[in-house]
Amino acid sequence: MTDRTNGGHVSEVLIERYALGQQVSPEAEWAVEAHLEGCALCRAKLAEVVRSDAPAVSAVVDSVWSRVDSLVDSSVDAEVARRPKALGHNRFAAWLSTWAPPAMVPWVGMSVLVTAIALLCDLTGAFGFDRPSMLLLLSPVLPLFGVAAAWTRGLDPAWELVAPTPRSGLYLVLRRTLSVLVVVLPALVVAGLIAGTSPALGLVPCLAFTAGTLALGGFVGVTRASIALGGLWCLFVVGPALVRTRLPAAFEPWAMPIWGAVAVLAAAALVMRASAFTKLTSQR
């Protein structure tokens with residue numbers, strides 16, 4: 001934890017306990033690691049403690065880093081000389097994986113596929129031309145396929161490696177969710193224009209559902225929240241709308257400010273529960 005009396009830096013006592021491997025709570029350890037990532041002053045203090053109180057550890061670390069540097073330099077030089085284009089591609093793939101890991105790609109693709117199917121239903125009148133637009137009815141929950149895979153143990157093979165890192169948790173969840181929206185929202189806009197529906201009527205509830213899923217995910221897990229909210233929407237809104245052959249009140253223009261307020265409240269709840277996404281046992 002940071003000490004306000006010390007200019008917002010980690011206290012010297014906590015740095016010493018962390019450096020020497022003494023008893024530190026998991027929350028405090030993650031907080032220290034996250035702070036060290038962006039604070040050169042505290043990293044310097046940590047290095048000083050290791051050098052003075054654990055010289056053997058310092059010597060081993062220096063030796064390992066020296067060997068790693070030499071191996072990395074030689075391997076990179078050889079790879080650049082042999083395959084410069086492949087190296088650039090690998091760097092791009094590594095950057096892309098910080099936004100959307102490979103495990104998320106099929107789920108984001110599922111959102112786009114369902115969008116295309118809903119558009120096809122509207123254009124062909126599969127449910128009747130007198131019924132509400134299937135694309136519009138499904139638009140609030142279409143991103144939930146990708147959001148469900150944003151932060152869950154069961155759908156990400158590398159979850160155990162990613163979860164303990166200092167920049168995991170809510171920060172990583174929001175990055176991955178943004179990558180889902182960047183793909184799904186333009187697809188919804190284009191499909192809405194083709195189908196002749198107003199994109200705004202679906203996008204505002206879509207953002208509210210996405211924020212609500214993440215907020216609820218802080219309590220029950222993102223995947224369970226996605227399934228619960230998506231299932232309830234289809235059961236109580238989509239189904240009755242197709243039976244009654246009229247657009248639900250949730251898509252009326254006067255309902256858009258309400259959806260916006262829901263999105264804001266869900267975002268506030270998400271921030272308040274941010275610590276839930278840093279617990280290793282939170283996403284079983």
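A: Happy to. The largest cavity is lined by Leu135, Leu136, Ser139, Leu188, Gly192, Thr197, Ser198, Pro199, Gly202 and Leu203. A cavity here is a set of points, on a 1 Å grid over the protein atoms alone, where a 1.4 Å probe fits but cannot get out, and lining residues have an atom within 4 Å of a point.

Before going further, please note that this is a predicted model, in which local features need pLDDT of at least 70 and side-chain atom pairs count only at pLDDT 80 or more, while totals for chains, interfaces and linings use all residues. Residues are numbered from 1 along each chain as its sequence is written, and side-chain values use heavy atoms, with hydrogens and water left out.

The volume of the largest cavity is about 70 Å³, counted as the space filled by probe spheres set on the points, which are joined across faces, edges and corners. The structure has one cavity of 30 Å³ or more.

With three residues, α11 gives the most. By type, the lining has five nonpolar residues, five polar and no charged; Leu and Pro count as nonpolar, and Gly as polar.

As for the cysteines, zero disulfides (cysteine sulfur pairs within 2.5 Å) turn up in the whole structure. Cys39 is in none, and its nearest cysteine sulfur, that of Cys42, lies 3.6 Å away. Cys39 counts as buried because its relative accessibility is 8%, under the 20% cut-off (1.4 Å probe, protein chains only). Cys206 is buried as well, at 0%.

Note on methods. Buried < 20%, exposed > 50% of the residue type's maximum accessible area, 1.4 Å probe, protein only. 1 Å grid on protein atoms, 1.4 Å probe; cavity = no way out; pocket = protein on both sides within 12 Å on 5 of 7 lines; lining within 4 Å. Helix = DSSP H or I, 4+ residues; strand = E, 2+ residues; numbered from the N terminus.
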